[in-house]
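Dear colleague,

I am handing over the structure below, and I would be glad if you could read these notes beside it.

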Amino acid sequence: MSLTQRLMPLVAKLITSERLQQWRRAFREWQRKLKRRPHQAVFYFRIDDPYSVLMAQVLPRFARHFGITITPRVMLYLDQQMYPAADMLEELAPRDAIQLARVHDLDFPDAWQLPPREVSLAATRCLLKHEGDERFWSLAAALADALWRNDHDKLEELLTEHGQMPADRAQLALEARRDQFLKDGHYLTGTLQYEGEWYWSIERLDHLAHRLNDLGLGSADWPLPYGRAKRARLKEVPEGLKGKPLVLFFSFRSPYSYLALARTYAMADHYGLNLKIRPVLPMVMRGLSVPKAKRFYILKDAAREARLHKVPFGKVCDPVGAGVERCMAIWPFAEKEGRLREWLRAAATGIWSQGINAATDNGLKFLVENAGRDWNRARRWLDDDSWRDRAEDNRNAMMAAGSWGVPSFLTENTMVWGQDRFAVIEACLLASQADDKD
């Protein structure tokens with residue numbers, strides 16, 4: 001094992017440390033007070049991004065509730081290397097936004113149409129002109145609604161009334177902002193930055209809300225339960241839900257897959273669902289890029305989510321390459337013995353919280369035995385490559401259903417992407433059960 005591999009779990013543990021996070025927050029608060037800065041967050045808004053549209057509906061209330069200032073920063077152009085399947089995201093994000101809007105009581109049109117780039121640019125130039133105005137939020141809401149409903153008459157009316165920043169100035173500003181955004185350490189619009197930390201989408205507002213509470217701002221009765229939708233989790237499970245199919249597309253290299261695992265099993269057990277786990281190879285082993293800035297944010301964000309859900313996390317040994325392949329090779333063995341649940345839990349826990357190197361025999365043996373399996377029997381499967389065809393079938397099924405990343409969940413007729421979408425999954429299951437009655 002190389003020195004880098006030996007140090008990796010220790011470095012990851014430091015990066016994801018809650019104590020280090022608290023120290024950084026205390027230092028930033030000390031700096032803020034020293035410079036007499038107000039409590040201020042920056043919101044990176046892109047009008048053709050559904051997650052930005054939802055965030056823009058919530059943030060004025062959020063700012064009033066906590067007594068902070070939120071400054072919008074309009075974007076449009078993004079670094080495409082950060083989006084390995086941009087065409088699929090263009091289709092998935094609006095569908096996801098519809099579901100999120102329903103569970104959060106927000107607005108996103110069911111009959112949406114993907115806005116053409118030139119129309120998005122015109123609306124963006126209008127917002128750039130009014131970025132510093134108090135009416136920015138209402139204007140953004142009106143423009144976004146017209147844009148996503150493909151209401152050209154309303155859009156023309158708004159543009160005529162409010163005007164636009166000159167095209168050459170807008171182009172330079174948007175390109176400069178794209179480049180600076182990456183230097184600042186992020187890549188997703190619909191994101192807030194507050195005192196050194198990033199909060200993407202309404203599903204991360206709870207983290208910022210708790211942070212602001214710790215500073216004595218606001219109260220604990222934020223009306224969107226800190227942005228995290230409450231799950232139904234009905235005590236009396238409808239008979240129509242029992243046996244309903246649920247597929248989880250899972251990767252051993254995905255921290256979010258690990259974070260979703262226990263809750264997925266708990267939900268499936270509670271509702272009596274027919275759960276099927278379908279492992280896939282990670283994106284970088286499928287030829288899709290994951291740039292360094294993106295990996296760094298994901299690691300720190302996953303640590304926050306792990307603390308929220310009380311999942312052990314942080315001492316990480318990246319299994320990419322041989323580690324993933326060996327874990328995948330054990331998958332059919334564990335499945336055959338009826339111990340797939342135990343194997344996935346043991347392997348993911350070892351990789352993401354215990355610093356176990358699955359690429360070594362000692363590491364893999366530790367994981368196998370933690371899953372309650374015999375190592376000598378399990379190791380025979382390491383020379384069997386039949387899992388590769390199954391993994392490719394799983395990837396094809398995931399892509400055909402409309403997703404390219406994990407964890408992704410497939411109900412009878414809906415693809416849901418993300419470990420923070422359990423409220424949406426439950427809503428889809430309950431809706432399908434109601435449809436069966438009809």
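This is a predicted model: local features need pLDDT of at least 70, side-chain atom pairs count only at pLDDT 80 or more; totals for chains, interfaces and linings use all residues.

Residues are numbered from 1 along each chain as its sequence is written, and side-chain values use heavy atoms, with hydrogens and water left out.

Strand β5, residues 245-250, is mostly covered, since 5 of its 6 residues are buried (buried means under 20% relative accessible area, exposed over 50%, and partly exposed in between, with a 1.4 Å probe and protein chains only). Helices (H or I, at least four residues) and strands (E, at least two) are DSSP runs, numbered from the N terminus. β5 runs parallel to strand β6 (residues 274-279), to which 6 bridges join it; two strands pair if DSSP finds at least two bridges between them. Within this pairing, L246 stands opposite L275, and L248 stands opposite I277. β5 also pairs with strand β7 (residues 408-410), here in the antiparallel sense and over 3 bridges, and the bridge partner of L248 in β7 is F409.

Turning to the helices, the axes of α12 (residues 322-336) and α16 (residues 387-400) come within 10 Å and cross at roughly 95°, where axes are lines fitted to C-alpha atoms, for helices over the stretch in contact, and angles run from 0 to 180 degrees between N-to-C directions. The two helices, α12 and α16, are therefore roughly perpendicular to each other (angles under 35 degrees count as roughly parallel, over 145 as roughly antiparallel, 65 to 115 as roughly perpendicular and the rest as oblique). In the contact (heavy atoms within 4.5 Å), E325, M328, A329, W331, P332 and E335 of α12 meet W387, R388, R390, A391 and N394 of α16.

D393 also lies in α16 and is partly exposed, with a relative accessible area of 46%. The C-alpha atoms of D393 and R278 are separated by 9.2 Å, although the two residues are 115 residues apart along the chain.

With best regards
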